[in-house]
Amino acid sequence: MSKPVRVAVCLLVTVVFALPLVAMVVIAFTPREAILDDGASLWTDDWTLENFRGLFDQFPVARWFGNALVVASLTTLLSVVVNLLAGYALATLRFRGRGLVLGLVLATLLVPTQVIMIPQFELVARLGLVGFFWAVVLPSAATALGVFLARQFFVGFPTELLDAARVDGCSTLTTFVRVVLPNARPLVAVMTLLAFMTQWNDFLWPLITLRDPDLYTLPVAMRLLQNAYDNDYGGIMAMALLSSLPLLVMFVVLQRWFVAGITRSGIK
Amino acid sequence: MTAVDERPAAPPPEPPEPRRTPPARRVRGDGRAAWALLAPNLLLIVLFLLGPLVWAFLMAFQDKRSFGPGRWSGLDNLQRLLGDDVFWRAVLNTAIFTVATVPVGVLLGLGLALLMDKALPGRGLFRTVVYLPIVVSTLVVSLIGLLLFDESVGIINGLLRDLGLGEVAWQSDGALAMASVVVMTLWSRTGFSMVVYIAALQDVDPQTVEAARVDGAGRWAVVRHVVVPQLRPTTFFLVVINLIWSFQVFDVVYVMTNGGPGYSTTMVVTYAYDEGFGPARNFGYGATVGIVLFVLTAAVTLLQLRRNARQED
């Protein structure tokens with residue numbers, strides 16, 4: 001393909017891929033009546049904030065936003081720590097049962113979460129966690145993808161550095177904190193982004209376990225709103241935009257780290 | 001939106017071959033440290049994932065319709081499953097969905113990665129736009145899907161009307177409803193395949209490409225016989241992960257079509273969920289459907305792993 005043709009194809013693809021996001025943004029700012037009268041379209045002549053105003057008037061949007069932030073941050077923190085440690089152990093230490101543990105962790109990828117929700121709920125209820133953020137945080141912290149990313153990264157980690165630290169008399173923990181962590185920034189960045197994103201976007205499990213509208217996160221509320229607002233696409237898209245915006249901005253800013261993390265983690 | 005070049009600032013130093021057999025002195029000391037590092041993760045996985053999985057497996061052999069203990073019912077659930085037309089419909093639908101999403105999604109990712117790998121004006125922007133759906137939640141993807149494919153006020157039918165092409169029955173026709181779910185899934189997944197392929201393309205040995213060029217291979221031949229074979233591990237990873245995702249499809253269907261019209265987009269997981277959490281509230285049967293899916297997914301994944309291992313020999 002010659003260069004102009006390639007640019008043209010890229011342009012076309014980009015337009016097609018941008019379309020759904022453009023639709024979300026435009027509809028979020030389109031008056032409700034306009035959609036009901038003429039149907040939704042990719043352009044509107046009178047932009048309005050009434051959809052957002054309606055949301056903030058009727059619902060504790062700021063509170064839901066804050067809840068989502070707290071839940072996602074707690075999960076991310078816990079998730080990065082436990083997955084990082086496990087991945088490091090699986091990659092650099094030799095011990096009996098290593099293959100088995102790795103297999104066990106990866107096998108959890110095969111479990112559809114909706115299928116184990118009933119036993120999970122019974123467990124969480126028995127632990128007395130229903131109605132607390134921990135009911136959401138604890139079950140989603142340890143992830144196969146996180147462990148796998150970390151393991152792949154550390155398998156390629158220069159052994160000389162670890163050996164040098166050992167010769168200097170560092171314990172495994174000191175080595176990890178002083179030598180390994182400072183060299184694992186792209187990995188930590190990509191793990192943070194993935195964990196935060198997964199938790200921020202989850203709606204079904206928090207809906208089941210949080211129970212109290214005061215505790216809902218933004219996506220949970222969005223799902224309820226979809227049922228209540230039926231067909232009021234202006235309100236729904238305003239909510240969708242509010243809940244997606246933090247991640248979209250975060251991604252555009254951190255994109256360089258994200259791609260570098262994927263490149264260096266050996267996920268490819 | 002800034003167009004950034006995603007290459008890492010400095011290429012990482014070539015990692016040395018990981019040592020296969022460390023000195024015996026280390027083997028003894030590693031055990032305790034390893035288990036200590038693994039403990040927090042394993043505790044969470046065993047308690048919150050594997051435990052409930054085993055529990056769900058036991059529930060498949062029970063008549064259980066409420067929280068608390070159920071009544072053992074042997075193979076009753078399994079027997080009902082084998083004669084359940086809706087279940088088989090869900091299996092067929094999931095198979096169709098998988099065939100429609102996995103090969104197309106992975107190939108699209110490869111195509112776009114190749115297209116946007118070399119210097120182009122605006123490349124950063126192009127890539128960013130294709131990546132963006134990665135961070136959009138499946139719930140939002142589905143809600144946008146509703147907005148696009150709504151039969152009366154939806155954007156796509158509006159465009160078709162403006163072009164004088166008439167409306168399309170995206171929601172009342174089974175095949176079209178399936179198509180709408182597939183389109184939204186491809187939109188949300190392609191960026192991930194693309195980003196992984198772009199990372200892998202940086203490792204393709206430029207000398208092999210150069211050698212093939214010198215030997216007179218055309219551009220297409222180079223891609224097909226030199227580049228794509230070197231991407232094989234990446235392709236394998238993407239096919240496996242996409243297969244698992246497609247087998248487990250839930251959110252998009254649950255929100256966009258809820259399995260309808262009729263049962264034309266009912267998937268195995270949405271069926272399991274409906275049986276367990278829906279009006280039926282049949283926890284035991286819902287678990288049976290889910291466990292069968294788990295076994296199927298495991299079998300197909302193992303098959304892929306073995307095929308891959310054989311090809312690598």
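Reader: Where α4(A) passes α11(A), is the crossing left-handed or right-handed?
Author: α4(A) passes α11(A) in a right-handed crossing. A crossing is left-handed if the near helix is turned anticlockwise from the far one by less than a right angle, and right-handed if clockwise. Helices (H or I, at least four residues) and strands (E, at least two) are DSSP runs, numbered from the N terminus.

Reader: Before we go on, what kind of model is this?
Author: This is a predicted model, in which local features need pLDDT of at least 70 and side-chain atom pairs count only at pLDDT 80 or more, while totals for chains, interfaces and linings use all residues. Residues are numbered from 1 along each chain as its sequence is written, and chains are lettered from A and ligands numbered from 1 in the order in which they are written.

Reader: Back to that pair. At what angle do α4 and α11 of chain A pack?
Author: About 140°, with the axes of helix α4 (residues 61-92) and helix α11 (residues 185-201) of chain A 8 Å apart. Axes are lines fitted to C-alpha atoms, for helices over the stretch in contact, and angles run from 0 to 180 degrees between N-to-C directions. α4(A) and α11(A) are therefore oblique to each other. The cut-offs are under 35 degrees for roughly parallel, over 145 for roughly antiparallel, 65 to 115 for roughly perpendicular, and oblique for the rest.

Reader: Which residues of α4(A) meet α11(A)?
Author: On the α4(A) side they are Ala68(A), Val71(A), Ala72(A), Thr75(A), Thr76(A), Ser79(A), Val80(A), Asn83(A) and Leu84(A). Their partners in α11(A) include Val188(A), Met191(A), Ala195(A) and Trp200(A). Contact means that the C-beta atoms of two residues, placed from the backbone, lie within 7 Å. The contact of α4(A) with α11(A) has ten nonpolar, six polar and no charged residues. Here Ala, Val, Leu, Ile, Met, Phe, Trp, Tyr, Cys and Pro count as nonpolar, Asp, Glu, Lys and Arg as charged, and the others, Gly among them, as polar.

Reader: Chain B then. At what angle do α3 and α10 pack there?
Author: About 150°, for helix α3 (residues 85-115) and helix α10 (residues 232-247) of chain B, with axes 9 Å apart. The crossing of α3(B) and α10(B) is right-handed. Among the residues that make the contact are Phe97(B), Thr101(B) and Gly105(B) of α3(B), and Leu238(B), Asn242(B) and Phe247(B) of α10(B). By class, that contact has seven nonpolar, eight polar and no charged residues.

Reader: How many helices and strands per chain?
Author: Chain A has 14 helices and zero strands. Chain B has 13 helices and two strands. The C-alpha trace of chain A spans about 75 × 65 × 30 Å along its principal axes, and the box for chain B is roughly 75 × 70 × 35 Å.

Reader: What share is buried?
Author: In chain A, 44% of the 268 residues. In chain B, 41% of the 313 residues. A residue is buried if 20 or more other C-beta atoms lie within 10 Å of its own, exposed if 12 or fewer, and partly exposed in between, with C-beta atoms placed from the backbone.

Reader: How many residues does each chain give to the contact between them?
Author: 76 from chain B and 80 from chain A. Helix α1 (residues 24-59) of chain B gives the most to the chain B side, with 19 residues. That side of chain B divides into 59 nonpolar, 14 polar and three charged residues.

Reader: Where is the cis peptide bond?
Author: From Gly260(B) to Pro261(B), with omega near -5°. Pro261(B) is in the loop between α11 (251-256) and α12 (268-277) of chain B. Most residues other than glycine have a negative phi, and most peptide bonds are trans.

Reader: Which arginines have a positive phi?
Author: Arg211(A) has a phi of about 70°, and Arg281(B) has one of about 50°. Arg211(A) lies in the loop between α12 (204-210) and α13 (218-229) of chain A. Arg211(A) counts as partly exposed because it has 14 C-beta neighbours inside 10 Å. Arg281(B), in the loop between α12 and α13 (283-312) of chain B, is partly exposed as well, with 13 other C-beta atoms within 10 Å.

Reader: And Thr209(A), what does that residue touch?
Author: Phe121(A), Val124(A), Val130(A), Ala135(A) and Val136(A), not counting residues up to four places away in sequence. Thr209(A) and Val130(A) are 79 residues apart in sequence and 5.3 Å apart in space, C-alpha to C-alpha. Thr209(A) is in helix α12 of chain A, and is buried because 23 other C-beta atoms lie within 10 Å.
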